[in-house]
Amino acid sequence: MSTLLEVSGVSVSFDGFKAINNLTFQIGEAEMRAVIGPNGAGKTTFMDIVTGKTRPDEGRVLWGEKSQSLLSMSESQIAQAGVGRKFQRPTVFEDQTVAENLMLALKKKRSPLPF
Ligand SMILES: Nc1ncnc2c1ncn2[C@@H]1O[C@H](COP(=O)(O)OP(=O)(O)OP(=O)(O)O)[C@@H](O)[C@H]1O
Ligand SMILES: [Mg+2]
């Protein structure tokens with residue numbers, strides 16, 4: 001099975017506190033993984049690194065068939081490359097229906113213009 005996401009040797013510190021230390025993680029296409037750990041283990045920080053919200057001090061994060069580095073990409077470029085994310089604290093648009101909220105989350109063109 002080809003690797004979809006490959007994280008290797010990733011470390012990140014916040015003001016000297018090492019939140020992630022030499023993390024390695026791989027996932028292939030059509031695979032489902034659960035990342036578990038106690039509060040403060042670094043799960044959200046890991047997601048922040050994969051989605052470009054936090055930059056690691058060391059390591060690499062490669063995506064897709066072409067092993068494209070996500071570390072040189074902006075958050076929006078990473079999302080456009082196909083990496084979706086659900087945030088820890090659930091948020092919805094309360095004035096919209098459940099169906100409308102789901103529609104908003106779908107991957108599709110975002111232009112306000114009809115082309
Ligand atoms: N921006 C930041 N600045 C300073 N410290 C941070 C920052 N983000 C995370 N940390 C610290 O890094 C560690 C890992 O936090 P993280 O939120 O990734 O853990 P988690 O596994 O998602 O925990 P939880 O189960 O509570 O969601 C914690 O000690 C946290 O306080
Ligand atoms: Mg978390």
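Trainee: Let's start at the ligand: which elements each supply at least two residues of the shell around ligand 1?
Mentor: This is a predicted model, where local features need pLDDT of at least 70 and side-chain atom pairs count only at pLDDT 80 or more, while totals for chains, interfaces and linings use all residues. Residues are numbered from 1 along each chain as its sequence is written, chains are lettered from A and ligands numbered from 1 in the order written, and side-chain values use heavy atoms, leaving out hydrogens and water. Helices (H or I, at least four residues) and strands (E, at least two) are DSSP runs, numbered from the N terminus. The elements with at least two shell residues each are β2 and α1.

Trainee: Which of the elements gives the most to that shell, and with how many residues?
Mentor: A residue belongs around the ligand if one of its heavy atoms lies within 4 Å of it. The residues around ligand 1 include Phe14, Phe17, Pro38, Lys43, Thr44 and Gln88. The biggest giver is α1, with 3 residues.

Trainee: How much of the accessible area of ligand 1 does the protein cover?
Mentor: Start with the polar contacts, pairs of N or O atoms within 3.5 Å: a polar side-chain atom of threonine 45 sits 2.5 Å from a ligand 1 oxygen, and a side-chain N or O atom of glutamine 88 is 2.7 Å from an oxygen of ligand 1. Accessible areas come from the Shrake-Rupley method with a 1.4 Å probe. Of the 640 Å² that ligand 1 has on its own, the protein covers 60%.

Trainee: Which residue in the turn between β1 and β2 has a positive phi?
Mentor: β1 and β2 run antiparallel over 8 bridges, with valine 12 partnered by isoleucine 20 and valine 10 opposite leucine 23. Their hairpin leaves 2 residues between the strands. The one with a phi of about 50° is aspartate 15.

Trainee: What about the hairpin of β3 and β4: which residue takes a positive phi there?
Mentor: The antiparallel pairing here runs over 2 bridges, and leucine 62 has serine 69 as its bridge partner. There are 4 residues between the strands. The residue with phi near 80° is glycine 64.

Trainee: How many bridges join β1 to β3?
Mentor: In this antiparallel pair, valine 7 stands opposite valine 61. Leucine 5 has tryptophan 63 as its bridge partner. The number of bridges is 5.

Terms used: Two strands pair if DSSP finds at least two bridges between them. A polar contact is a pair of N or O atoms within 3.5 Å; within protein, one must be able to donate a hydrogen and the other to accept it, and residues adjacent in sequence count only if both atoms are side-chain atoms.
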